[in-house]
Amino acid sequence: MPPPPPAVENRPSGPWPVVAAVLAGLWTVPVVVLPQVAGWLVEQIVANQGGGRPLWLWPVVALVTVLLVGLPALLLALLPRSVAVRATGRVWLGAVLTSGALAVWRLLPLVHHEAYLAALAGTAALGALVLTRLARRRTPGVAPAGGRRPGPVTLLAVAAGLALLLPWLGLGALGGLLETVLAGLAAAAVGALAAALLDAGFWAAFTVGEPPRPARLVLIGGLVAGVALLLVAAGTGQSGVQLPALLTVPPAGFLAAALHVASRRAGDRGGRAAVGWPVGLAVLGPLAFTDPEEISLPLLTGRDVPWWTAVATAAGLGAALLLAVGYGVLLARRRAGVPSRRVAATAALVLLAAAVLVDVVPGHPGLYGERLLVVLRAQADLSGVPAGAPGRAGRDARAAEVYRRLVETADRSQADLRRQLTRLHLNPTPYYLVNAIEVDGGPGVRAWLSSRPEVSRVLVSQRLRPLPAPAPPARGDRPAPTGPEWNIRLIGADRVWTELGVTGAGVVVGSSDSGVDGTHPALAAGFRGGDDSWYDPWEHTRRPTDRQGHGTHTAGSAVGRDGIGVAPGARWVGCVNLDRNLGNPGYYLDCLQFMLAPFPPGGDPFTDGRPGRAPDVLTNSWGCPPVEGCDAAALRPATAALESAGIMVVAAAGNSGPGCGTVADPPAPYPDVLTVGAVDRERRVTDFSSRGPTAGGAGKPDLVAPGAAVLSAMPGGGYATLDGTSMATPQVAGVVALMWSANPALVGDLTRTRAILRDTAAPVPATTEGRCGGTADVSGAGLVDAYAAVRAARTVR
């Protein structure tokens, strides 16, 4: 076994090079951390305002960081005579260059996480190889790390890495198989990259004196190493995933320093392992156990993924600091001994057993990968569906014919592909409203399916990873109103009840949302009942429930009693298409299919659907953005089919205003959807209300309704005020229910109903949003007027 590298003669020419290194380190930390946090926030804000991902952002952040950190590091590497200062400059320069190279891959879309992880693994591995060869040229006499059996230092490094991984095992969850494998490879490559940066030559620069002073090595060398690891962490992980690593990875520099001291004493060739294992396992946690799409601003309002990620990060940081102090005290004292291999192996085995136990008991063992939505080229021909008799009889006949054509097309065109998918154990779930099949699979399956002639395109149908504990249910802290709320009075719905005697009786409203609290006093009496009025594709609950509150609030604004709902005499049915404020194309289709042809619990949508039980009007306070897996046309056949069936689809414009062209997420931009924006008490369009025009040039929204500080029901019997076009949408659905209740001949007559709504809408105050194409792309036809619309509906024959 070759001897360890000798201590390097290190005689600084004065204090100034050291001062310069300290100042450069103090400069580097905020220059690295602040742009990473700001970049994530900017990306989230832009995306939430309908602007998509700014592709320029992360390359710019990487370039600025390389310039601002690389220049001081280059000067430190070249100018001082101090060996330690030059080593500091070299390692920081190498770290910032590799970090910039790693960060460029954030250009890849979040939905293609496997491709990102593969690119990260390849780039980090290449960087480690280049740095290793450069180090061998610089110090040819130093033997590479290796050995037949791991020594005590390697085993202690493994134990430390497992301790850093423990919080993620308990609080996170893995993705799919390929995603998990690639995350492991990427973490291993990043660990190897860190080990190549912090090689024996680096540590030798801080090993001064004979015998060397270990405290100096740990404190100063560990601090320099920590800054280098901060730079590496900044480039590791998609947007949001790198933030935990910024806190948990840098303390591994002190761990590595203490382990290097032990390695010198023991003559153990595990120097690289002292860096690679702790760093690799530290970055494996956020890389493998979090989904970058779920570290997002919309999920910050509660104990969702961002909250649990913060908890895991805090626990990981605490573990890293405790390990750094503990290893420093036990291994780096001048007279400290080196633990035997048996002791080190025992420590590693204990941590390994703890990791398995934590993953199995409080954690979520198993794989929770994404699914794929395979959209077929053949879509049902719904032209020429007979109009039939006016009113509900005609509507029911059209719905039955549309259902028949959709199912027949799907059965015929999917048969061969479904057999192959079943044979490959890809768990196909067929859909007919859009002729599509949802399946398991990663990039390989996606490529195979995309190449098939009958397939139009393949979308990624996002799946939420489980949380360590469910978020507490949403509750309202406001009492029940004593009369009609301000928004009800603003649109004149209360006058419809009292002066026209119309409350929505005889009409059924369908709510697709986070659920509905069916026991709420304002909603319980309005539930239609039967075995086909509630569907929960997430949890398969049998009774209307809602933990998040959004769906209860929107249903209350449509049909709630006690002065909160526009059509309190109408009945309602419900479906759950959102969980934790997120959905995917498959779940959205589950609910839209249920609304066209409800079916009993456990029923087959293809054979057990009952189009005669379809609700009359649907309220949809949701949108499907690209991050959830939808493209612009993903749900277009679905809304076209509902239109042909005579079912009115009302949808929220979105909350991405005041920018132009922000009515973007399906189904809001579709021409056969009644799209709703939001106004406040003064009838002014709210800043958050999305604007048109749509990508196709169509003017949206169609109408506006009250959407600021709207009081409605919440789970548990309480009430609360919420803002959003989500709140405005069910009020328009309620107005449609009032119109059709007043004149049943209008049921299913979507063209005349829309015309009445547009013609009777009240103007809203002029805005300065002319740049969006005029008022049609800001407020549509104007503020919905329930009283005028119902009076006009009564005159239609």
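Guide: A cavity here is a set of grid points where a 1.4 Å probe fits but cannot get out, and its lining residues have an atom within 4 Å of a point. Please keep in mind that this is a predicted model.

Visitor: With that definition, which element gives the largest share of the lining of the largest cavity?
Guide: The structure holds five cavities of 30 Å³ or more, and the largest of them has a volume of about 150 Å³. Of the 17 residues that line the largest cavity, the closest to its centre are L171, G172, F289, T290 and V305. The elements that give two or more residues to this lining are α5 and α12 (305–331), and the largest share, four residues, comes from α12.

Visitor: How far apart are the end C-alpha atoms of helix α5, and what span should its 20 residues have?
Guide: Helix α5 covers residues 152–171, and at 1.5 Å a residue its 20 residues should span 28 Å. The expected span is 1.5 Å times one less than the number of residues.

Visitor: Where in α5 does the kink lie?
Guide: Helix α5 is mostly covered, since 18 of its 20 residues are buried. Its kink, of about 35°, comes shortly before the proline P167, and the residue at which it lies is L165.

Visitor: How many residues of helix α3 are buried?
Guide: Helix α3 (residues 83–103) has 21 residues and reaches 30 Å from its first C-alpha to its last, close to the 30 Å expected at 1.5 Å a residue. The helix is mostly covered, and of its 21 residues the number buried is 17.

Visitor: Turning to the aromatic residues, is the pair of Y432 and F606 stacked or edge-to-face?
Guide: A search of the whole structure finds 11 aromatic pairs. In the pair of Y432 and F606 the ring centres are 5.4 Å apart and the planes stand at 90°. Planes over 60 degrees apart count as edge-to-face, so the pair of Y432 and F606 is edge-to-face.

Visitor: How many residues apart in sequence are the parts that this pair ties together?
Guide: Both partners are in covered positions, for Y432 is buried and F606 is buried as well. Y432 lies in the loop between β2 (429–431) and β3 (436–440), whereas F606 lies in the loop between α19 (585–596) and β8 (617–620), so the pair ties together parts whose separation in sequence is 174 residues.

Visitor: Which residue lies over the face of Y787?
Guide: A charge sits over a ring if, for Arg, CZ is within 6 Å of the ring centre and within 35 degrees of the ring normal. R636 lies over the face of Y670, at 5.5 Å from the ring centre. Over the face of Y787, at 3.7 Å from the ring centre, lies R495.

Visitor: Is N581 buried or partly exposed?
Guide: N581 is found in the loop between β7 (571–576) and α19, and although N581 is not a glycine, its phi is positive, at about 70°. Its relative accessibility is 39%, so N581 counts as partly exposed.

Visitor: What is omega for the peptide bond from P666 to P667?
Guide: P667 has its place in the loop between β9 (648–652) and β10 (674–679). The peptide bond from P666 to P667 is cis, with omega near 5°.

Methods. Residues numbered from 1 in each chain as written. Predicted model: local features only at pLDDT ≥ 70, side-chain atom pairs only at ≥ 80, totals over all residues. Heavy atoms only, no water. Phe/Tyr/Trp six-rings, centres within 6.5 Å; stacked < 30°, edge-to-face > 60°. Buried < 20%, exposed > 50% of the residue type's maximum accessible area, 1.4 Å probe, protein only. Bend = angle between axes of the 7 residues up to and from the residue. 1 Å grid on protein atoms, 1.4 Å probe; cavity = no way out; pocket = protein on both sides within 12 Å on 5 of 7 lines; lining within 4 Å. Points joined across faces, edges and corners; volume = space filled by probe spheres on them.
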